[in-house]
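Student: Could we go through this structure together? I would like to start with the annotated site and then look at some aromatic rings.

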Amino acid sequence: MLRTLEERDIRFVRLWFTDVLGTLKSVSVAPAELEAAFDEGIGFDGSAIEGFARVFESDMVAMPDPTTFQVFPFEGGGLHSAGPESARMFCDILQPDGSASWADPRHVLRRALSKAAEKGFTFYTHPEIEFFLLSDVPHDGEVPTPVDSGGYFDHTTHAVARDFRRQAVLSLERIGISVEFSHHEVAPGQQEIDLRYADALTMADNIMTFRHVVKEVALSHGVHATFMPKPFTDQPGSGMHTHLSLFEGERNAFHDPGDPTKLSKVGKAFIAGLLVHAREYTAITNQWVNSYKRLFPQALPDRITESPAYVCWGHLNRSALVRVPAYGKPNSARVEIRSLDSACNPYLTFAVLLGAGMKGIEEGYELPPGAEDDVWALSDAERRAMGYQTLPENLSEAIDVLAKSEFVAEVLGEHVFDFFIRNKRTEWEEYRREVTPFERRRYLRSL
């Protein structure tokens, strides 16, 4: 690594970590200071980071993880610059005594992965990440302008969208993040880039890197990228449908050639765990006020609503919360969960999803019959009769359900669990008290 830094004239190494809400944090060190950073870490004030520490216990240490070292060849002075390159590493957050910090989202996921490993399982994820490209981001909260008017799979002639996707994919590939697909999504300006599957910790790191790269590439094209779940009232929102699988060594634990559905008992119990605990972990996977505008949108003319607001599973059913995609090779067996935001904290999200699935396996949850109808087309009475619960309809309800969940508290740890609930209740209170443009349009003249 040190030789690479010298040979490529790398002047800065960025040490990255995230706060509890999934905001990327960074400190830059010169290559000459890197050996000391590996030995002692980089000290910082944890009380200044969302959810990390109180003022009277604020000393914390960022310890670089050398396995995440990656040169960023396009950041010397811009994406097309020939200037000096930079590099980055993710960090684990430690207490001054060298023990892991319970506030570190990366540690939360490591802990969940270790518990699964004790049972012989490795957890893999494969996200489909949606986001919008915007020509402007108004500061007054007005509706932004998408960069194009394209639709699903459109081969847009708009130069920005086409060139952006090509540049973003090339930039990701150059730093070792493999991309499977990229295409235009349903809404104007909406894009999707799918990352090739990887173990959950690597993928969470990749998602954080992905967001940074996408925003940088967008800025280099004079536009803005946003992972806000629902920027437009009259257009679909952006999600992060994610495929999940468990492996035992080289064998896919979800595959059973003798089962009519090719789904093993482990796979069925894992899905059952995702369903049983879905309402409890929704505040983690959909953590923003705006998230619930995507899950419960207004009906759009000539559009099928696919947002997964009801707790059920199916094979070909894209209105279900959990879908089992068709697959050919045994090692391709997987389940897809469709409720996630692309603006979630991926470390906490993967931890609660794995925890829910593992609880289903350990306690032998039974998988209910699958849903093959369009769940949105059913009446409330029909959904109740079929046993389909509704996900929390807003952040306040989601937090109330979360606060009663012993399961999520165990996965996250007391520190992260308590901070998350306090933070999100504050966000809801700020939103609840805000007088909105909707209210002024509706009431100002008529009342």
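This is a predicted model: local features need pLDDT of at least 70, side-chain atom pairs count only at pLDDT 80 or more; totals for chains, interfaces and linings use all residues.

Student: Which residues does UniProt list for "binding site"?

Tutor: The unreviewed UniProt entry lists E180, H243, L244, S245 and R318 under that heading.

Student: Where is H243 found?

Tutor: H243 is found in strand β12, which covers residues 240-248.

Student: Is H243 buried or exposed?

Tutor: H243 counts as buried, because its relative accessibility is 5% and the cut-off for buried is under 20%.

Student: What joins the side chains of H243 and E128?

Tutor: A polar contact of 2.9 Å joins them. Leaving aside neighbours within four places in sequence, H243 is also in contact with other residues, including Y124, R323 and R334.

Student: And S245, buried or exposed?

Tutor: S245 is buried, at a relative accessible area of 9%. This residue is also found in strand β12, and its contacts beyond four places in sequence include Y124 and R334.

Student: Changing topic, how many aromatic pairs are there in the whole structure?

Tutor: A search finds 13 aromatic pairs. In one of them, the ring centres of Y124 and Y197 are 5.6 Å apart and the planes are at 70°, so the pair is edge-to-face. Y124 also forms an edge-to-face pair with F247, with 5.3 Å centre to centre and 75° between the planes.

Student: Which residues form an aromatic cluster?

Tutor: F131, F164, F210 and F227 form one aromatic cluster.

Notes: Residues are numbered from 1 along each chain as its sequence is written. Side-chain values use heavy atoms; hydrogens and water are left out. UniProt positions are given in the numbering used here, feature names are shortened, and annotations may be inferred rather than shown by experiment. Helices (H or I, at least four residues) and strands (E, at least two) are DSSP runs, numbered from the N terminus. Buried means under 20% relative accessible area, exposed over 50%, partly exposed in between (1.4 Å probe, protein chains only). Contact means heavy atoms within 4.5 Å. A polar contact is a pair of N or O atoms within 3.5 Å; within protein, one must be able to donate a hydrogen and the other to accept it, and residues adjacent in sequence count only if both atoms are side-chain atoms. Rings of Phe, Tyr and Trp (its six-membered ring) pair if their centres lie within 6.5 Å; planes under 30 degrees apart count as stacked, over 60 as edge-to-face and the rest as tilted.
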